[in-house]
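Student: Please take me through one part of this model in detail. I would like the sheet and the helices around it, step by step.

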Amino acid sequence: MKISEKIKQCSLSPMRKFHPYAVKAEEAGKKIYRLNIGQPDIKTPEQYFEAVRNFTQPVLAYAPSPGLPVMVDAIVDYYKRIGANFTADDVIITTGGSEALSILFACILDEGSEVLIPEPFYPNYNTMIRVAGGQIRPIPTSPEEGYRYAVKEKIESVITENTRAIMVTNPGNPTGVVLTREEMQVIADVAKAHDLYVIGDEVYREFVYGDEPLASMAQFKEIEQNVVIIDSVSKRFSACGARIGALLSKNTELMGHAMKMAQARLSVATLDQVASAALYSCDENYFKAMREEYKKRRDTCYEMIMKIPGVVCAEPQGAFYMMAALPVDDADKFNQWLLEEFEDNKETVMFAPGGGFYTGGKGKNEVRIAYVLKQADLERAMELLKLGIAQYRKDVMGCND
């Protein structure tokens, strides 16, 4: 029997592929500080659980394919507060941001179509695009330039006749880059000039650590027909398990085709929509406290990693990730070694190796660190990383630092 050539071109997630090694390490008695997966540990707002407790419908029925009105209205109202005017017809509720992406790519890509994405990028983009018949054409960046990419000449140099869209994750996963208003305008101008979709994956919008207002590509009225927004409650409300996202666009033709996919998968979970809608009643104090906590973690992580000799890292301005080049020969090999060979007082650390965040060949010595641990655990994790690098360079690389 045959397997799809499309799926053969996909890889396992670099965030999750070391799970078997972690299980064995824990079975051997090691404690692992996990910096590999962006699972927030901030308490999910009580409004979510209260809505579940108050749910009294006698039958848990299918929701409408576009989403429950209460959930759609919550999304529409949220965007109005940040200056982006969507209507209910511009919104489809999805099973997480991941399904929103899968639906979108099925609607805009043909065999051989290309999506421009700055690399390093969230690895699951590659799986979703490949399965839809497309491929990623990377916009190159580097740790030395802080992974910035919103330069007209840099973007236009990779546009081809097969290009369908420019995709931006803002704030960035895995880099923590936050686009300035001027950089967003550059992307908008290029998309308009070349008649391309702009896909804004903005699930980390609240996680910005400067004083800039919350930004969205949907705020650029001159390209409203080009813009598609991917959103989710997962990170914003520390509700990853709710699996509620949204696809938003004022392009009626696109949304009409997206509805075919929405109807084909029937609907999104009813109870999780009811509960997730209640999350949008959280006030600004919730987001302020969350930002302050993650900024403190960002500062700790960045300060400690920059004390490790040979590390190249730009301070992240948003999300809860940082990308860094380490003084090791191979981050995959190093990560496995940390789990199998290294320990300090029966403790070790793991991260997401950087190679999986690129299209191929780059990022071999880079890592993505998710600073989602509590302060004391994060400090210990970074200490273990420093100790591990020193020991690995001595024992495996034969360096005499």
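Tutor: A definition comes first: contact means heavy atoms within 4.5 Å. Keep in mind that the model is predicted.

Start with the sheet. It is open and has four strands, in the order β9-β10-β13-β12. The pairing is antiparallel. In general, strands of a sheet pair through backbone hydrogen bonds, either parallel or antiparallel. Two strands stand at the edges here: β9 (312-313) and β12 (352-353). Each has a single partner strand, so one side of each is left without a neighbour in the sheet.

Strand β10 covers residues 321-325. β9 and β10 run antiparallel, and two bridges join them. Cys 313 stands opposite Ala 324 in β10.

Next, the helix on this sheet. Helix α11 (residues 284-305) lies across β9, β10 and β13 (366-370). α11 runs at about 5° to β10. Angles under 35 degrees count as roughly parallel.

Finally, turn to another helix pair. The axes of α3 (residues 46-53) and α10 (residues 270-279) come within 7 Å. They cross at roughly 140°. α3 and α10 are therefore oblique to each other. Their crossing is right-handed. From α3, the contact uses Gln 47, Tyr 48, Ala 51 and Val 52. From α10, the contributors include Leu 271, Asp 272, Val 274 and Ala 275. Ser 276, Ala 278 and Leu 279 of α10 also take part. By class, the residues of this α3 and α10 contact divide into eight nonpolar, two polar and one charged.

Key. Residues numbered from 1 in each chain as written. Predicted model: local features only at pLDDT ≥ 70, side-chain atom pairs only at ≥ 80, totals over all residues. Heavy atoms only, no water. Axes fitted to C-alpha atoms, helices over the stretch in contact; angles between N-to-C directions. Parallel < 35°, antiparallel > 145°, perpendicular 65-115°, else oblique. Left-handed = near helix turned anticlockwise from the far one by under 90°. Nonpolar A, V, L, I, M, F, W, Y, C, P; charged D, E, K, R; others polar. Pairing = 2+ DSSP bridges.
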